[in-house]
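Please read it with the structure open.

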Amino acid sequence: MMRKQSGFSMVELLVAMVIQFILLAGMVYVYSSSRMMFTVNEQMSRVQENGRYLTDVLLYDIRMAGYSGCRSLSEIIPNIIANSPPTFASLTDGISVFENGTGWTNPTAFTRVAGTDVITLQSTQGSGVSLSGNMTADNANIQISSNPDGLVANDLILISDCSRADLFRASSVSSSGSVTIAHANNVNTDNKLSKAYGDDAQIMSFDAHTYFIGTGANGEPGFYQHSFNSNTATLLAEGVESLQLLLAEDTSDDQEPDVYVNATAVIDWEAVIGVRVGLLMRSESNVATEVRAFTFNGANANTGNDTRVRKAFWSYAAMRNQIN
């Protein structure tokens, strides 16, 4: 006779369901933990990447501040004929620091984040290029064989042959064949340079970069670079909460920093030989498991009591053109 088949009892079904639930809960916990760890690591990596990038950009401009080609500004003061010219007559004009933004006129549509510093750095930019021949007169167009720095009309340009220098705006720049740069008086106070330069002269782009922390349209703080040349502000990275700057003064004239002070405490700007830069970065979203205080520049930076992860980047750059 065939034996009668029977299913699981209610107790057995309940035990099986409990075991399955425990296993499922364990899998969900492991997945959630792995997902959270992945998100934290991803956002922290982005914070570190942005911090290193911004530090490199800012330190490069600090090192180059006041650079004017083959001769220092202490030896040659450029003859400036450009309309709306920058102030570029001494090494101290290469750097301006505004403690907490005091004294800075914001030329952009972005609101500066309160309590953050602003720095402006002026110098020639790019690799430069030699003239392809002598100028026939001091008002003649400038001829160069190539345009590696991408010069365009209205750009500020410095020309120097190590004995004289002129800073002007290009009224036009040809884009084919031998490159011709004109310096007409529609964008300059005069169409004449201080001399007719020869093929030993160098042509270099000039600009003043201002760095500040601003609030974007999405409400996020970001690190902005404003170009004096083009009068445009470019967002370099989001998630930057603060920029703090300390100036290194050489009070003993031994080419070494003796004190680090903020801009309002500088005694002699000619003795400033470097800048200590502090950047406070944060993650895009709340990824930590709990609210934690974060000390930056001697104070708690997590005033909003959020769960973002933060990292401080402190670095130093010497102003090469200030060091004899």
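R310 counts as buried because its relative accessibility is 9%, where buried means under 20% relative accessible area, exposed means over 50%, and partly exposed covers the range in between, with a 1.4 Å probe and protein chains only. This is a predicted model, in which local features need pLDDT of at least 70 and side-chain atom pairs count only at pLDDT 80 or more, while totals for chains, interfaces and linings use all residues. Residues are numbered from 1 along each chain as its sequence is written, and side-chain values use heavy atoms, with hydrogens and water left out.

## Salt bridges

The side chain of R310 meets that of E241 in a salt bridge, with 2.9 Å from N to O; the term stands for a side-chain nitrogen of Lys or Arg within 4 Å of a carboxyl oxygen of Asp or Glu. Since E241 lies in strand β13 and R310 in strand β18, the pair ties together parts that are 69 residues apart in sequence. Helices (H or I, at least four residues) and strands (E, at least two) are DSSP runs, numbered from the N terminus. E241 is likewise counted as buried, its relative accessible area being 15%.

By this rule the model holds 10 salt bridges, and three of them are set out here.

| Salt bridge | N to O distance | Separation in sequence |
|---|---|---|
| E241 and R310 | 2.9 Å | 69 residues |
| E220 and R282 | 3.2 Å | 62 residues |
| K195 and D161 | 2.6 Å | 34 residues |

In the pair of E220 and R282, both residues are buried. Through shared partners, salt bridges join E220, E241, R282, D306, R308 and R310 into one network.

Which residue does the side chain of E241 meet in a polar contact? The partner is the side chain of R282, at 2.8 Å, a polar contact being a pair of N or O atoms within 3.5 Å, of which, within protein, one must be able to donate a hydrogen and the other to accept it, and for which residues adjacent in sequence count only if both atoms are side-chain atoms. With neighbours within four places in sequence left aside, the contacts of E241 are V113, T116, I213, P221, L280, R282, A301 and R310, where contact means heavy atoms within 4.5 Å.

K195 counts as partly exposed at 23% relative accessibility, whereas D161 counts as buried at 9%.

## The sheet around β13

Strand β13 belongs to an open sheet of 4 strands in the order β14-β13-β15-β18, with antiparallel pairing; two strands pair if DSSP finds at least two bridges between them. At the edges are β14 (259-261) and β18, each of which pairs on one side only. From one strand to the next, the twist averages 25°, the axes being lines fitted to C-alpha atoms and the angles running from 0 to 180 degrees between N-to-C directions. Between β13 and β15, which run antiparallel, there are 9 bridges, and Q244 stands opposite G278 in β15.

## Nonpolar cores

In soluble globular proteins, nonpolar side chains tend to be buried together. A nonpolar core is here a set of buried Ala, Val, Leu, Ile, Met, Phe, Trp, Tyr and Cys residues joined through side-chain atoms within 4.5 Å. The largest such core has 32 residues, of which L58, I62, I119, F223 and V277 touch the most other members. Elements giving two or more residues to this core include α1 (10-64), β4 (118-130), β13 (240-249), β15 (272-282) and β18 (310-318), and α1 gives the most, with 6 residues. Apart from this core lies another, of 19 residues, among them I81, V179, L193 and A201.

With neighbours within four places in sequence left aside, I62 is in contact with I119, L121, V275, V277, A317, A318 and M319.

## Positive phi values

Where is C162 placed? C162 is in the loop between β6 and β7, and its phi is near 75°, a positive value in a residue other than glycine. C162 is partly exposed, with a relative accessible area of 30%. N305, also a residue other than glycine, has a positive phi near 50° and is found in the loop between β17 (299-300) and β18. N305 is exposed, with a relative accessible area of 53%.
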